[in-house]
Amino acid sequence: MKISVKQAGYTAAAFIFTSALLTKGVYMYLRQDSWVAVILSFLVSLIFVYIYATLNKWFPSKSLIEINEAVFGKIIGKIISAGYLFYFFTLIILNARDISGFVGYILPTTPYVVIMVAFIYTCSWAVRKGAWNIASYGPLIVFVSLFVIMLNGLFLINDIELNRLAPAFTFPPIKYIAGTHLLTALPLCEIFVFFMFVPYLQKADGLGKVLFRGLTVGAAALLFIVIRDIVILGDTLLILSQPTYSVIRLIDVGDILTRVEILYAGILISLMFIKISVLYYATITAAARLVKTSSHDYLIRITGALAVIFGLSVFSAEYEHMDWTNRAAPIYSSFFIMLLPLLTLGTAAIRGLNRKNK
Amino acid sequence: MKHRIYRFLFAALILALLLAGCYDRRELNTLGFVMGVAIDKGENKDEIELSLQMAKVTGSDQSEPGSGSKESGTGGDSYINVSASGESINQIVRDMEYKVSRRIYVPHNQVVVFGEDMARQGIRDGMDFFARAPEARATVYVLVAKGKAADILEADTVFEKMPSSDLKKIIDEQDITSTVPQTTLYDIMNDILSRSKAPILPYIEIIDDKGSKRINCLGSAVFKNDKMIGHMDLQQTRGTLYVLDKVQTGTMTVKFKDAAAAAEIRQSKSKVKLSLKKDGGVKAEIQVRQTVGIGDQKGTLNIANAENIPVLLKESEKTVKEEIMAAIDKAKELGADVFGFGKSIYRKYPRKWKEIEENWEEVFREMETVVKVKSKADGSGRIMRPIAPAVQ
């Protein structure tokens, strides 16, 4: 079955939501001005979505691997595709590590290996069932997440101090650039991975619509979450290791409605399931197309096993993970989701492939 | 088909293992629920004395309110107090396991009380554990006790089974007096991190009430960074809460010709307007708007009529102004910006803040403050005039 624009769009939104709930990095740069970075990164991401959409229009129903071969030729195309494969795989590792870190934060004595094996195994199940299966959960999870996020905001209405947003625009420009770059490269433009879903879309050139819908819904939720965190947490924003989770821990409605953070944990785990499944699927299809095999089963098993092994050993401690996310990850991601697509578009235009396809 | 069966069995096995419950689950009868914490200065330098009040879950079912007793108590007790000393809270909590047969469990803790000596030395180290521990909650009340904090956990209870629950409910109820702050761990963290806002914590003591040891509120303990530097009485504390827009309801006695009335604050809203003066100083204009009704009155003069109500309102405005001015004077005397003026200046005039941040204490002491109070009348309750025959 082919995926509709609506299903894929909401799955892309769920993809952004996942990172929207882990917003610590941007607070380090811009504190009360973090919302500015959300708006700026949304605008910058629109440009990249336009680039991805153009590539999709020029090469309708083709996945990234085929586009690379068409644009750069067989050998260079394959090398670039292998790079993407590596990138998608590292994203699985990093996100699996994120969720293990989060569950480990709630259940400190649970070994990471238990969480990671259970998680990757569940995702591999979804991947085996196919792209449509993963995408069909997207709208449901997005609506449930939005409902929980709004509900949490409502319960915390008494803790809101709007003046915590002031003063605005007081940081040096470089910090706004760094914050915007972080948000663009990490949650927002990561939806680039949906390029691997193009062959399964109902509309062969519908990627632009999918990504635009996902980006808009995702960025709106991100903006809401960031503003909510700022106006509720104030200065503590800077020292909390899980700001969004800590906000929800403050909910106390008449001593009766407390400890609702389990809702957030449930949502985050569901969202992470979608995100890792999408990345897992992208990795498998990229690998299958690269080595030209139709047997996905072995690839799923090998990728799952490698993801668990590397996920457990990639960082020796949480602070290393944090340092990677804040410093290296945006630059690493930018190469694959900003620079390479731009290069692909430029090369395709120079080689006149856009006209040829038309 | 065979594959399917294997898969199904594998999934069933995994699910049976994972869904049966956490492998490190903790049953109720293995946990020591901490309900209150007292932190005092230890005997030796750098030492902390930690006292934990833990609920005896099985005992609390049978015991009567007020029958709680401490460690040495017999059957029917509802709590146990355990104390130990050491250099770090985490270490002391672990060491307590030598004395307690259950795992010490803090998520249900309701209050953290610092002894005055400890508070004057600094509460940062004492709070660190409660801010850091994943299970602990930032909504717990933090207080300062005159004298030893551990004594608070020994108070006699009336309605609750444990002194810590009593104390929590006493602070919960302070929204009807608005003379004691309801400060949580999260509030203090925010204040300390702001660099200029001085935290205020409820200041309590133990009094001898006809042979019973009862908890009593004295007002608020004033801090600079994490160190207590003085305290405010109940009226000064309400003055501070007016400026912070945290007065909900309350009552004040207003003298009135040959009568007196308890003016009841039914609603209050405050605003602080900051402005920069030409001489480089800062001016704060505090505007309070409140609704006042008659709670009760003394004497036979009818206060609730068109002639006397404006007088009552004027008097209530005067009282509020006095309370706020008393709070400002005290805060200036202590050099502690309990009102968060510094934070507001940083938000409104970030450049000016950079200039004055270094000498903020001095600037704060020199600050011009203007208080404007406007009272609006509310009803007189179920009666319209005092219980006295009408004057013919």
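Predicted model: local features only at pLDDT ≥ 70, side-chain atom pairs only at ≥ 80, totals over all residues.
Visitor: OK, stepping back, what does the domain assignment of chain B give?

Guide: It gives domain 1, covering 25-232, and domain 2, covering 243-392. The C-alpha centres of domain 1 of chain B and domain 2 of chain B are 32 Å apart, and the contact between them takes 15 residues from domain 1 and 14 residues from domain 2.

Visitor: Which element gives the most to the domain 1 side of that contact?

Guide: That is β9(B), with three residues on the side of domain 1 of chain B that touches domain 2 of chain B. Both β8 (212-224) and β9 (227-232) of chain B supply at least two residues each to that side, which by class has six nonpolar, six polar and three charged residues.

Visitor: Switching to chain A, how many helices and strands there?

Guide: Chain A has 14 helices and two strands. Along the principal axes, its C-alpha atoms fill a box of roughly 65 × 45 × 35 Å.

Visitor: What radius of gyration does chain A have, and what would a compact globule have?

Guide: The radius of gyration of chain A is 20 Å, which agrees with the value near 21 Å that a compact globule of 358 residues would have. Buried residues account for 48% of the 358 residues in chain A, and of the contacts in chain A between residues at least 6 apart in sequence, 82% join residues at least 24 apart.

Visitor: Last one, how many residues does each chain put into the contact between A and B?

Guide: Chain A puts in 17 residues and chain B 16 residues. On the side of chain A that touches chain B, the classes come to eight nonpolar, six polar and three charged residues.

Conventions. Residues numbered from 1 in each chain as written. Chains lettered and ligands numbered in written order. Helix = DSSP H or I, 4+ residues; strand = E, 2+ residues; numbered from the N terminus. Rg over C-alpha atoms; globule rule 2.2 N^0.38 Å. Buried ≥ 20, exposed ≤ 12 C-beta atoms within 10 Å, placed from the backbone. Contact = placed C-beta atoms within 7 Å. Nonpolar A, V, L, I, M, F, W, Y, C, P; charged D, E, K, R; others polar. Domains from an automatic or database assignment.
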